[in-house]
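The tour starts at one residue and then widens to the whole chain.

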Amino acid sequence: MSERVLADGSEPRSPKELLDFLHDRGLVSRTHEHPPVFTVEEAKALRGSLEGAHSKNLFVRDPKGVMWLVVALEDRPVDLRALAEQLGHKRFSFGSEDRLMRYLGVIAGAVTPFAVINDVTGAVRVALDEGLRHHSLWNFHPLDNGMTTAIAPSDMIRFLEAVDHPPRWVDMRASSG
């Protein structure tokens, strides 16, 4: 694993810095601590009664190096080829752990849309599953897979816009061939 350094040489933001950023902008969130989880299955086993949508977050890139953070409902099957075509690319592969740290400042298992706060170069695009629109609360790791932060969809969109990563909505059902 590479050292914790972003593409511009700075260190990634901490969960506290992220939560302070949300608070300072009036974005309401609630964070729960739990043992670290690395898979959707582990998260399901530990979440208890945590309400709202839960996701899987895929860090992908095309052959030319264009990177996307894809946020899908946790049980949504995702066909990477169909998704790539929907987003205007030939194909996608998963980004390496080094690339994940360099651009989003997180480890595998802690991938989250909140991580774009660390994408200081603006290299990563964000795609949100249309299925998320049907939920009034979304849950994501706040840069650490030992915590889960619940946030209203409107506040998450405001966060993404505040860090210059406005999302693109995609119909993941069309990518679940």
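This is a predicted model: local features need pLDDT of at least 70, side-chain atom pairs count only at pLDDT 80 or more; totals for chains, interfaces and linings use all residues.

Select H165 and V163 together. The side chain of H165 reaches the backbone oxygen of V163 at 2.7 Å.

Residues are numbered from 1 along each chain as its sequence is written, and side-chain values use heavy atoms, with hydrogens and water left out.

Now show the surroundings of H165. Leaving aside residues up to four places away in sequence, H165 touches V116, D119, G122, V124, V126 and L160; contact means heavy atoms within 4.5 Å. Is H165 buried or exposed? H165 is buried, at a relative accessible area of 4% (buried is under 20%, exposed over 50%, partly exposed in between, with a 1.4 Å probe and protein chains only).

Switch to the cartoon view. H165 sits in the loop between α5 (153-162) and β8 (168-170). Helices (H or I, at least four residues) and strands (E, at least two) are DSSP runs, numbered from the N terminus.

Select D164 next, in the loop between α5 and β8. D164 is not a glycine, yet has a positive phi of about 60 degrees. D164 is exposed, with a relative accessible area of 63%.

Go to L143, in the loop between β6 (138-140) and β7 (147-151). L143 also has a positive phi, about 75 degrees, although it is not a glycine. L143 is buried, with a relative accessible area of 10%.

Finally, zoom out to the whole protein. How many helices and strands are there? The protein has five helices and eight strands, in the order α-β-α-β-β-α-β-α-β-β-β-α-β along the sequence. The C-alpha trace spans about 40 × 40 × 30 Å along its principal axes. Of the 177 residues, 48% count as buried. Among contacts between residues at least 6 apart in sequence, 69% join residues at least 24 apart.

Conventions: A polar contact is a pair of N or O atoms within 3.5 Å; within protein, one must be able to donate a hydrogen and the other to accept it, and residues adjacent in sequence count only if both atoms are side-chain atoms.
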